[in-house]
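I opened this model to see what could be looked up in it. My entries are kept in the order in which I made them.

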Amino acid sequence: MQETKEIYCNQCGKKLKMEHDILKEDAFEARKQWGYFSGKDAVLHSFVLCERCYDEMISHFKIPVKITEVTEI
Ligand SMILES: [Zn+2]
């Protein structure tokens, strides 16, 4: 039996489109393992943002994101 894992945007709670365990909707996936020099004592933080929430997040940046064109996907 195959279990379907569901992915939700952490910001707005929207369910992201999944088909056969493949994310069918592009989303921002972040993983950060906080280390010794952080105040977080070696824990892994991960979250997903839908494209709309990602755009919202980066719109608050003082310095815009670096954008590099990718020719191969
Ligand atoms: Zn969202």
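The entries below go from the whole chain to single residues.

**Conventions.** I am working with a predicted model, in which local features need pLDDT of at least 70 and side-chain atom pairs count only at pLDDT 80 or more, while totals for chains, interfaces and linings use all residues. Residues are numbered from 1 along each chain as its sequence is written, and side-chain values use heavy atoms, with hydrogens and water left out.

**Overall layout.** I looked up the secondary structure and found one helix and four strands. Helices (H or I, at least four residues) and strands (E, at least two) are DSSP runs, numbered from the N terminus. Along the sequence the order is β-β-β-β-α. The radius of gyration is 15 Å, well over the 11 Å that the globule rule gives for 73 residues, so the protein is more spread out than a compact globule. That radius is taken over C-alpha atoms, and the globule rule is 2.2 Å times the number of residues to the power 0.38. I also noted the box filled by the C-alpha atoms, roughly 45 × 35 × 30 Å along the principal axes.

Buried means under 20% relative accessible area, exposed over 50%, and partly exposed in between (1.4 Å probe, protein chains only). For contacts, the criterion is heavy atoms within 4.5 Å. Among contacts between residues at least 6 apart in sequence, 26% join residues at least 24 apart.

**The zinc site.** Which residues coordinate the zinc ion? I found Cys-9, Cys-12, Cys-50 and Cys-53, each through SG, at 2.3 Å. Donors are N, O and S atoms within 2.8 Å of the metal (3.2 Å for Na, K and Ca); water is not among the atoms, so sites may look incomplete. The angles among the four donor atoms run from 104 to 119 degrees, and the site is tetrahedral. Four donors count as tetrahedral if all angles lie between 85 and 135 degrees. In sequence the donor residues follow the spacing C-x2-C-x37-C-x2-C.

I then checked some of these cysteines one by one. Cys-50 counts as buried because its relative accessibility is 2%, and Cys-53 counts as buried at 7%. Cys-12 counts as partly exposed at 38%; it is found in the segment before strand 1 (18-19). Leaving aside neighbours within four places in sequence, Cys-12 is in contact with Cys-50 and Cys-53. Cys-12 and Cys-50 are 38 residues apart in sequence, and their C-alpha atoms are 8.2 Å apart.

**The core.** The largest nonpolar core has nine residues: Ile-7, Cys-9, Leu-16, Met-18, Ala-27, Val-48, Leu-49, Cys-50 and Cys-53. Strand 4 (residues 44-50) gives the most to this core, with three residues. Such a core is a set of buried Ala, Val, Leu, Ile, Met, Phe, Trp, Tyr and Cys residues joined through side-chain atoms within 4.5 Å.

**Glu-25.** Is Glu-25 buried or exposed? Glu-25 counts as buried because its relative accessibility is 18%. Its place is in the loop between strand 2 (22-23) and strand 3 (27-33). The side chain of Glu-25 reaches the backbone nitrogen of Lys-17 at 3.4 Å. I recorded this as a polar contact, a pair of N or O atoms within 3.5 Å; within protein, one must be able to donate a hydrogen and the other to accept it, and residues adjacent in sequence count only if both atoms are side-chain atoms. Beyond four places in sequence, Glu-25 is in contact with Lys-14, Lys-15, Leu-16 and Lys-17.

**Glu-29.** Glu-29 lies in strand 3 and is exposed, with a relative accessible area of 55%. Not counting residues up to four places away in sequence, Glu-29 touches Leu-23, Phe-47 and Val-48.

**Asp-41 and Ala-42.** Asp-41 is found in the loop between strand 3 and strand 4, and Ala-42 is in the loop between strand 3 and strand 4 as well. Asp-41 has a positive phi of about 55 degrees although it is not a glycine. Ala-42 has a positive phi of about 50 degrees and is not a glycine either. I noted them because most residues other than glycine have a negative phi. Asp-41 counts as exposed at 67% relative accessibility, and Ala-42 is exposed at 53%.

Terms used:
Four donors count as tetrahedral if all angles lie between 85 and 135 degrees; four count as square planar and six as octahedral if opposite donors are over 155 degrees apart and all others between 65 and 115; anything else is irregular.
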